[in-house]
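Please walk through this structure with the model open beside the text.

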Amino acid sequence: MSSDNFIPYGRQLIDAEDIRAVIKILKSDWLTQGPAVDQFEREFAAFCGARYAVAVSSGTAALHLSAIAAGFGPGDEVITTPITFVATSNSILYTGATPFFADIDPETACIDIKNISSRINGRTRGIIPVHFAGQPCDMEAIAGLSKKVTIIEDAAHALGAQYKVQGKWFKVGSCAHSDMTIFSLHPVKHIAAGEGGVITTNSSELASRLRMLRTHGITRENALMEQNPGPWWYEMQELGYNYRITDIQCALAASQLKKIEGFVERRREIVKKYNEAFKDNPYIEVLTERSWARSSWHIYVILCKGVDRDRMFHALRAEGLGVNVHYIPVYRQPFYVKKGSGSPSDFPESENYYNKAITIPLFPAMTERQVARVIDTVNTCAKDLAT
Ligand SMILES: *Cc1c(COP(=O)(O)O)cnc(C)c1O
């Protein structure tokens, strides 16, 4: 199998304009956190419809800082989904709080609201819903569960997604039903910065705390400092990190952000073809898009029915499709098993999903020929394995 025959499950799309934007920075005075970061943050916040955006070094850093800013700490419980990348629940552990997993809704693979509400108790301090595969969770319902918890949306999959509440469309990242929303700028996500992450919020207190935390807990803002004896002065007010992002990365991300609508449109067009092509295949089920949701489709998952998932996975790989499994339920990871975060029998829907799921290729740069080849390969392999 030659490498041009291999179709990965996801891939960035970088054009000449993106390259020019990065070269411009390389020729400028600033390389690290400078004016390109501020500009990207303004454009990102405007795109999402949030008041503030804070750019950091990764989606994981965005999760970590938002968990600190939320005030999570030892003794607190934070509810999230087991069908996510480990970074989501790790960010809870970084603060000393305990992640509690709530089982998923089998139709969407997003966290199930009724399982959140049955897990809320006096120690619950937060909820981190993950907009799985790009489909927004029911944020109105989640926001209505409790007034006392901090809600952080993990929207690493969902830049450009929208959801409707009482006839009105909201962009994911607007924080209309949450305190903060985090995004990832990893090349496999919707827009690439190399590595990078963003937190959006409508709270000026949270935004300024996040800005401080990303640079060692240091501020130079007059209004925030206890004293200001001269221009050399800065204050470290709490224990922060070096989670800064660079101007090089933000120039690339800002150039990519200009194309987000087209990227999402292309993803949705491919998904429509997949849905149509697998509709009559008795061995394949797909996730449901809610009528009130407009998914930005970070990934496309097929669920094997009557064919063995592992054999199907190997067969698709052998045909040159870069298939994957998103995700191994987090409670199955050895580290979480040792922590006693729950056993498979506690999460029947996550287990059922995990045993059937395969992520097939989906990215805006896919050609029509590649889309047709994926469809043909999936349908043929399913039929061959079933008979
Ligand atoms: C990718 C991802 C992250 C982490 O983002 P990085 O930029 O890779 O650190 C967090 N949560 C989810 C759901 C992700 O898919």
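**Helix packing and side-chain contacts**

Helix H10 crosses helix H13 in a right-handed sense. This is a predicted model. H10 covers residues 309–318 and H13 covers residues 368–386; the two pack with their axes 10 Å apart, at an angle of about 135°. Angles over 145 degrees would count as roughly antiparallel. At its angle, H10 is oblique to H13. On the H10 side the contact is made by Arg311, Met312, Ala315 and Leu316, which meet Thr377, Val378, Cys381, Ala382 and Leu385 of H13. Sorted by type, the residues of this contact are seven nonpolar, one polar and one charged.

H8 spans residues 247–257, and its axis comes within 8 Å of the axis of helix H1 (residues 16–26), with a crossing angle of roughly 155°. The two helices, H1 and H8, are therefore roughly antiparallel. The crossing of H1 over H8 is right-handed. From H1, the residues in the contact are Glu17, Asp18, Ala21, Val22, Ile25 and Leu26; from H8, they are Asp247, Ile248, Ala251, Leu252, Ser255 and Gln256. Seven of the residues in the H1–H8 contact are nonpolar, two are polar and three are charged.

Helix H2 also packs on H8. The axes of H2 (residues 35–48) and H8 come within 8 Å, and here the crossing angle is roughly 30°. H2 and H8 are therefore roughly parallel, and H2 passes H8 in a left-handed crossing. H2 contributes Pro35, Ala36, Val37, Phe40, Glu43, Phe44 and Phe47, while H8 contributes Asp247, Cys250, Ala251, Ala253, Ala254 and Leu257. The H2–H8 contact holds eleven nonpolar residues, no polar ones and two charged ones.

After H4 comes Gly96, which has a positive phi, near 90°.

The charged side chains come next. The model has 20 salt bridges. One of them joins Glu238 and Arg209, with an N to O distance of 2.7 Å. Glu238 sits in the loop between strand S11 (235–236) and H8, and Arg209 sits in helix H7 (residues 204–213), so the pair links distant parts of the chain, 29 residues apart. Arg209 has 30% relative accessibility and therefore counts as partly exposed.

Helix H9 (residues 260–278) takes part in two further pairs. Glu265 forms a salt bridge with Arg294, and the closest N and O atoms are 2.8 Å apart. Here too the pair links distant parts of the chain, with Glu265 in H9 and Arg294 in strand S13 (residues 293–294), 29 residues apart. Glu265 is partly exposed, at a relative accessible area of 40%. The other pair is Glu289 with Arg268, again a salt bridge, at 2.8 Å from N to O. Glu289 lies in the loop between strand S12 (284–286) and S13, and Arg268 lies in H9, so this pair ties together parts 21 residues apart in sequence. Both partners are partly exposed, Glu289 with a relative accessible area of 30% and Arg268 with 21%. Elsewhere, salt bridges with shared partners join Asp15, Glu17, Asp18 and Lys259 into one network.

The last stop is Tyr283, in the loop between H9 and S12. Is Tyr283 buried or partly exposed? Its relative accessibility is 24%, so Tyr283 counts as partly exposed; buried would require under 20%. Leaving aside residues up to four places away in sequence, Tyr283 touches Leu303, Cys304, Lys305, Val307, Ala382, Lys383 and Ala386. One of these, Ala382, is also part of the H13 side of the contact with H10. Tyr283 lies 43 Å from Ala46, C-alpha to C-alpha, and the two are 237 residues apart in sequence.

Notes. Residues are numbered from 1 along each chain as its sequence is written. This is a predicted model: local features need pLDDT of at least 70, side-chain atom pairs count only at pLDDT 80 or more; totals for chains, interfaces and linings use all residues. Side-chain values use heavy atoms; hydrogens and water are left out. Helices (H or I, at least four residues) and strands (E, at least two) are DSSP runs, numbered from the N terminus. Axes are lines fitted to C-alpha atoms, for helices over the stretch in contact, and angles run from 0 to 180 degrees between N-to-C directions. Angles under 35 degrees count as roughly parallel, over 145 as roughly antiparallel, 65 to 115 as roughly perpendicular and the rest as oblique. A crossing is left-handed if the near helix is turned anticlockwise from the far one by less than a right angle, and right-handed if clockwise. Contact means heavy atoms within 4.5 Å. Ala, Val, Leu, Ile, Met, Phe, Trp, Tyr, Cys and Pro count as nonpolar, Asp, Glu, Lys and Arg as charged, and the others, Gly among them, as polar. A salt bridge is a side-chain nitrogen of Lys or Arg within 4 Å of a carboxyl oxygen of Asp or Glu. Buried means under 20% relative accessible area, exposed over 50%, partly exposed in between (1.4 Å probe, protein chains only).
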